[in-house]
Amino acid sequence: MARAFRAVAGRMLFGIVVTVLGAAASAHHSFAMFDTANPITISGVVTTVQWTNPHVYIELDVPEGQSARHWTMELGSPSILMRGGWKFNSVKRGDKVTAVVSPLRNGDPGSLLVRLTLPDGRVLGNGGPAGVGPGVAPPATATSPR
Amino acid sequence: MVSLVSRVTASAVALLTLIAVVHGPLHAQSNPRPNLTGAWAPLGGRGADPKVAPPPAGPIVLKPEYAKPYQDARAADAAAAKRGEPVASASMSCVPYGMPRMMSVASYPIELLETAGQITIVTEAFSEVRRVFMDQPQLPIDEVPPGFYGHSVGRWEGDTLVIDTVGIKESLAGYQNIPHSDRMRITERLRLVAPDVLHDQITIDDPVVLEKPVVYTLAYRKLPGYKMVEFVCENNREYVDDQGRVRMRLGGR
């Protein structure tokens, strides 16, 4: 009985995780390599922004003592990000930003973005529901975004 | 003279009115086909209005010789994902999905375009394109070169667009990763269940692999004014290492 409950609870948890990630869902790979259960916060200076498919990437130099550690952040695709309020030039080289990220499980300095705080204080997530964004009319039928 | 012109004008107006009265409703009644042109976004089942939510998917019943390998592969995938080492997939290498998976990729919209004799379906993810040739007989499977989209023909049955597709490559991962043979046939029934909600009931029939057809329904919400975004897979940083693990290529400065 307990095992059955754990199985059901596990499936429910999986469903919730999938739903949460759904907004940022990739078209092309699993997120299992990222530790989504244990996000961390990193702050630093943007060195590169690649507004590309299948993913947008932001590179960041994060100060560590006298030096800096270089981090790579993977984001959703341009389409998914734009639906979440991003523009291709929302972040620029030289910007000082703070990011909450899910780090790679293997310890490498790579990550999946959860949310990014821009120099002006605006906070952007890692995507948005389909079709919701600037210039797009809200749905006529009330539904929960996927 | 003026009187004659007035009488002619009045007669013409009356005739046009009669034509409009008689033919207008007749035309409407004889043409229940909705115009599906436009962008549509996947509609999540959870939280959706029950009146427009898609029905639950039917069971997947494979023939015994396919069932165990399928279950073993699913279990291995789940275990690998749990270890944080997901199994590589074709899409991870930026290979498009093809039919039928292309019809539902994450939250990416699709676009339907109706033109004379053809309905074209374009997906935002990977910019995949299907062409549905209307009111033509389907080709024998053995005359269709196996591909990602096969050969699709369509017809209207009242308010429902019925699409028949054959000729999908055996190497493509199917719905829920089920295997399929070159005998697979996909039948879709697209119908508006609300003015802005479209259902696509998909039936996969494969006499070689399946004990019975698999049936599931995708739902979409219309996106008025949405402009499809380009998707060219130019910067793929995921790769498979020599241990078969999916890794992410980290960037330099």
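Visitor: In what order do the strands of chain B close into a barrel, and what is the pairing?

Guide: In this predicted model, nine strands of chain B form the closed barrel, in the order S1-S2-S3-S4-S5-S6-S7-S8-S9, with mixed pairing. From one strand to the next the twist averages 30°, taken between lines fitted to C-alpha atoms (for helices, over the stretch in contact), with angles from 0 to 180 degrees between N-to-C directions. Strands here are DSSP runs of E of at least two residues and helices are runs of H or I of at least four, numbered from the N terminus; two strands pair if DSSP finds at least two bridges between them.

Some conventions apply throughout. Local features need pLDDT of at least 70 and side-chain atom pairs count only at pLDDT 80 or more, whereas totals for chains, interfaces and linings use all residues. Residues are numbered from 1 along each chain as its sequence is written, chains are lettered from A and ligands numbered from 1 in the order in which they are written, and side-chain values use heavy atoms, with hydrogens and water left out.

Chain B as a whole has two helices and eleven strands, which run α-β-α-β-β-β-β-β-β-β-β-β-β from the N terminus on.

Now the individual pairings. S3(B) and S4(B) run antiparallel and are joined by five bridges; B:Val122 has B:Val129 in S4(B) as its bridge partner. S6(B) and S7(B) are also antiparallel, with six bridges, and B:Ile163 is partnered by B:Glu188 of S7(B). Nine bridges connect S7(B) with S8(B), again in the antiparallel sense, and one of the pairs is B:Arg185 with B:Asp205 in S8(B). Two residues make the hairpin that leads from S7(B) to S8(B).

Next, the packing. The largest nonpolar core has 42 residues, and B:Met103, B:Leu112, B:Leu161 and B:Ile204 have the most contacts inside it. H2, S2, S3 (118-123), S4 (129-134), S6 (160-166), S7 (185-194), S8 (197-205) and S9 of chain B each supply at least two of its residues; S9(B) gives the most, four. Apart from this core lies another, of 19 residues, which include A:Leu81, A:Val97, A:Val101 and A:Leu124. A nonpolar core is a set of buried Ala, Val, Leu, Ile, Met, Phe, Trp, Tyr and Cys residues joined through side-chain atoms within 4.5 Å. Buried means under 20% relative accessible area, exposed over 50% and partly exposed in between, with a 1.4 Å probe and protein chains only.

B:Leu161 is in contact (heavy atoms within 4.5 Å) with residues including B:Leu36, B:Ile119, B:Met134 and B:Trp156, residues up to four places away in sequence not being counted. Of the 253 residues in chain B, 40% are buried.

Finally, the structure holds one disulfide over all chains, that is, one pair of cysteine sulfur atoms within 2.5 Å. B:Cys94 and B:Cys233 form this link, with their sulfur atoms 1.8 Å apart, and at -50° about the S-S bond the link is left-handed. The two cysteines are 139 residues apart: B:Cys94 sits in the loop between helix H2 (64-82) and strand S2 (110-115), B:Cys233 in the loop between S9 (214-222) and S10 (238-240). B:Cys94 is buried at 16% relative accessibility, while B:Cys233 is partly exposed at 23%.
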